[in-house]
Amino acid sequence: MEDNVSSDQEEGSNERGSGSERRGGGSSENDEESDEEEQQFDISLAASHSYMGNGLVQVSGRSVLEAGWTGRVPVIAHHGAVFPGETVPMLLTNERDAAVISRAIQHDKLFGLLCPDESGTLVSGYGVLCEVFEADAGVGEGEGEGPRSLSFKARATHRFRCVHVPKQSVPIHAFSRMRTVEVRVLPEVRLGDPLRPARLASLDALRRARTPLDARLRSMDAAVTPWPLFVYDIFDYRRMRQIIKDYFRTMSLENLPEEAVSLSFWTASNLALSARDRLALFAVDDALLRLHMEVRLIARKSVLCCSSCAVEIARREHIFAMSSEGVHSNYTNLGGYMHDIVTVSRASNTELSGAPSAEFSWFPGYAWTIALCAACLAHVGWRFDAQRRGLRPQQFYGLCRNYVQPRCDGAGAGAGAARSLSAELRAARRAMSALVYAPRDDADP
Ligand SMILES: [Zn+2]
């Protein structure tokens with residue numbers, strides 16, 4: 001898939017394009033001419049990245065790294081924060097980069113994606129370690145000539161900070177090719193329930209998750225501390241998990257990670273956030289604080305707007321999952337550029353450009369057409385049209401996270417609502433450090 005507009009328009013394709021337009025959101029109840037059986041798109045197909053071909057084979061061996069681990073790894077610039085747990089499909093078209101990764105595959109399979117700062121142009125000093133788990137067959141075997149290009153899939157595993165962060169600003173494009181740097185793995189702090197050390201242990205037998213009685217017992221626990229209950233509720237994992245679960249249920253995403261650290265990363269990956277808010281969440285070491293901020297972000301009503309001219313492109317309620325990985329996923333194009341795509345059932349203020357094509361389609365069975373912002377003609381994503389009449393959905397849009405930005409909707413819109421998440425995080429961290437935590441051995445919940 002390419003960003004460039006293809007020049008060879010086909011009559012047939014155009015016809016189908018406008019037909020899809022008429023059908024709007026994709027519901028064609030009565031005008032079905034063929035009896036083709038309806039079939040819902042299998043969202044695990046998108047997560048398998050089948051467009052990369054079936055030449056990829058499993059790479060065996062895993063590295064176990066702990067917080068504080070330091071090491072030298074090859075790193076390359078990325079256009080935003082990638083959270084641990086995300087799949088990173090990559091196609092390296094540069095011979096040298098391909099050689100670096102094929103050596104890494106022989107060694108520890110690790111490389112890093114550097115995250116830019118808030119402006120998107122400078123090195124932030126943060127990044128994510130990725131571990132290759134599938135690569136072109138034959139890579140890393142023998143000492144002969146390296147491959148010309150290399151396709152592989154990796155999984156983001158650990159957040160890191162560069163050990164030597166230069167005092168002066170370094171442009172991110174200084175890392176547009178693989179370079180080896182020393183990195184340190186950041187800790188993932190999972191603080192326990194702050195009320196647990198203060199609880200009345202004799203009442204433990206009566207405690208059940210999310211019952212009115214449990215809530216009463218919690219307020220009794222809080223009564224023996226100097227802080228009111230709501231202060232503790234901010235870091236009540238079960239409450240936050242329920243809010244997140246309810247929110248993603250509306251997008252038909254049901255399989256949330258159980259554990260707090262993974263859930264905080266998964267949520268960050270799947271929320272429609274600005275690059276700045278993503279970086280702020282990325283830099284947080286404690287999972288409960290990250291979850292707390294995510295719950296705050298969920299409460300904000302926002303629309304997705306063109307990054308260039310701020311015209312509205314999609315509404316949050318139209319975000320839905322076309323991949324089992326979630327509503328946001330990374331895909332690579334034929335040029336080796338990785339796009340972070342959010343899927344929406346409908347979009348407004350867009351204009352199609354060029355003919356539909358099924359080549360290298362990230363969603364098997366769908367042809368893509370470039371979608372531009374109708375106001376400023378900036379590229380915002382692609383429209384995907386089903387190639388069979390029975391396939392559901394018939395049509396949807398994949399918008400690039402970089403080309404659309406969330407903007408607060410409604411009365412609070414503007415400077416006030418766009419309060420920076422980093423400022424809120426600082427305030428929350430101050431409140432949190434005032435609480436006394438005791439380490440816990442047992443895993444929650
Ligand atoms: Zn625009």
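Predicted model: local features only at pLDDT ≥ 70, side-chain atom pairs only at ≥ 80, totals over all residues.
## Contacts and overall make-up

Two residues are said to be in contact when heavy atoms of theirs lie within 4.5 Å.

The protein chain holds ten helices and 18 strands. Of its 445 residues, 49% are buried, while the chain as a whole exposes about 20800 Å², of which carbon and sulfur atoms supply 50%.

Strands of a sheet pair through backbone hydrogen bonds, and the pairing may be either parallel or antiparallel.

Which strand pairs with β13, and over how many bridges? The partner is β14, made of residues 366-373, and the two strands are joined in the antiparallel sense over five bridges. Within this pairing, E351 stands opposite L372 in β14.

## An annotated span

The unreviewed UniProt entry places a feature called "transmembrane region" at residues 362-382. In the model this span is 0% helix and 57% strand, and the C-alpha atoms at its ends lie 11 Å apart.

## Helices that pack against α7

Two packed helices are described by the angle between their axes and by the distance between those axes. Helix α6 (residues 237-249) packs with helix α7 (residues 260-270) at an angle of about 35 degrees, with the axes 12 Å apart, and the crossing of α6 and α7 is left-handed. On the α6 side the residues that meet α7 are Y237, R241, I244 and F248, and on the α7 side they are A260, L263, W266, T267 and N270.

Helix α7 also crosses helix α9 (residues 287-299), at roughly 35 degrees, and the axes of α7 and α9 come within 9 Å. This crossing, too, is left-handed. The contact is made by A260, V261, L263, S264, F265, T267 and A268 of α7, together with A287, R290, L291 and E294 of α9.

Note on methods:
Residues numbered from 1 in each chain as written. Heavy atoms only, no water. Helix = DSSP H or I, 4+ residues; strand = E, 2+ residues; numbered from the N terminus. Buried < 20%, exposed > 50% of the residue type's maximum accessible area, 1.4 Å probe, protein only. Areas by Shrake-Rupley, 256 points an atom, 1.4 Å probe, with all protein chains shown as cover. Pairing = 2+ DSSP bridges. UniProt positions renumbered as here; feature names shortened; annotations may be inferred. Axes fitted to C-alpha atoms, helices over the stretch in contact; angles between N-to-C directions. Left-handed = near helix turned anticlockwise from the far one by under 90°.
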